[in-house]
Amino acid sequence: MSVDQAKAFAFQDPRFVRPQPGARIITTREVLNEESEMLKGVDAGRDRYEEIGRGGSWNPTSRVSDEQKAAVEHMLCSRDLVTAIRGVAGTGKTTMMKEAVLAMTALSGKEGLLFAPSSAATQVLKEQGFSASDTVQSLTTNTMVQDAARGKILLVDEAGFLSAKQMRWLVKFAGDNQCRLVLCGDSRQHHAVERGDSLRVLEKTGALQPAALTKIFRQKIPALRDAIQELARGNTEEGFDKLDAFGVIQEVEDQALRLAAIAGLHMQAVKENKSSLIVAPTHGECRQIAKAVRQAMRNEGLLSSEEQTSMRLEKLNLTASQRQDAINYEPGNVIEFHRRAAGGFKSGEQWEVVERTGASGLMVENTHVRAETGQIRSL
């Protein structure tokens, strides 16, 4: 359909809801219900429980700031089902969380379990010493993880990534299973991938009154710390100007000179035994930079002239809705399952798309057993 037809559909179809007649912003009743149930669950659990710390006192096992101490006290004194801590990057949130887990476990008698929105974030938590950690996805789908979580204190790191659907599930699970839920994150820094920016909604409506960590420790140079403080407050232009004034922003317009400068900085870090992280907006730019860096390393004798080429899978980054629509799959695409799915598909399996069948079907072939059986299945 045309854009005009789509607009007309959005303005006329009764399944859409607007804040006022003629408004350009629309939503659906399902989305409103998700947010409403989430807010009701948080509100119903306000001031309904014993203090997490049971009125006990704690002594920090490491050096903590006044803000970090206040954040731990905020959790220990909470009588709510859901408690929140807002911490911008570099404020020592990890140190605070370690103290909080030790204090809550000792005073409440309940174990603290940590969860994060992604596997990568969970791995970071484990590297930081939080062995009892898992993904939010595992908690919502794995009955064994759910059994282990019942009656525990559930701490969710980077909670700004959670959608309204995930937050509603977490709140209901905590309320139904004698848990307490602690959300750690910054709604201004991270936003939900799926619909419903849950942490921002909870804060904006007043459903949660988080304790805040605002003093940045990671940046040791005062001028840089001031710039990062501005960025953390959402003052992007002011923060950028302060970084620029300090001289840490360099602009190189010519592409060839820019690639050479990046490769040169990387080689300097390598020679000084320092780590180097190169970030670019697109995969295409990343490939160009990688080529320049590899050539620089080859010139320095750090790489041999002999090369080998290997194939790898690259994410298509489809949204949840796009993954459910067969039109977004082409023959040759590979579907990798991360958990069991209807039809006998198992976690870790890779199936190659053979063809689209009709408007909503796919024919797929198991890439692991293709040579032996040529197994083909409809999806």
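Colleague: How are the axes of helix α12 and helix α13 placed, and is α12 oblique or parallel to α13?
Modeller: In this predicted model, local features need pLDDT of at least 70, side-chain atom pairs count only at pLDDT 80 or more, and totals for chains, interfaces and linings use all residues. Residues are numbered from 1 along each chain as its sequence is written, and side-chain values use heavy atoms, leaving out hydrogens and water. The axes (lines fitted to C-alpha atoms, over the stretch in contact, with angles from 0 to 180 degrees between N-to-C directions) of α12 (residues 255–271) and α13 (residues 283–299) come within 9 Å and cross at roughly 55°. Since angles under 35 degrees count as roughly parallel, over 145 as roughly antiparallel and 65 to 115 as roughly perpendicular, with the rest oblique, α12 is therefore oblique to α13.

Colleague: Nice! How many nonpolar residues are in the contact of α12 with α13?
Modeller: Contact means heavy atoms within 4.5 Å; among the residues that meet are Leu 259 and Ile 262 in α12, and Ile 289 and Val 293 in α13. By class, the contact has three polar residues, no charged ones, and nonpolar residues numbering nine.

Colleague: Which arc holds the buried residues of α3?
Modeller: Helix α3 (residues 66–76) has Gln 68, Ala 71, Val 72, Met 75 and Leu 76 buried, that is, under 20% relative accessible area with a 1.4 Å probe, protein chains only. Seen down the axis of α3, they line one face of the helix, because they fall within an arc of 140°.

Terms used
Helix = DSSP H or I, 4+ residues; strand = E, 2+ residues; numbered from the N terminus. Nonpolar A, V, L, I, M, F, W, Y, C, P; charged D, E, K, R; others polar. Buried < 20%, exposed > 50% of the residue type's maximum accessible area, 1.4 Å probe, protein only. Arc of directions from axis to C-beta.
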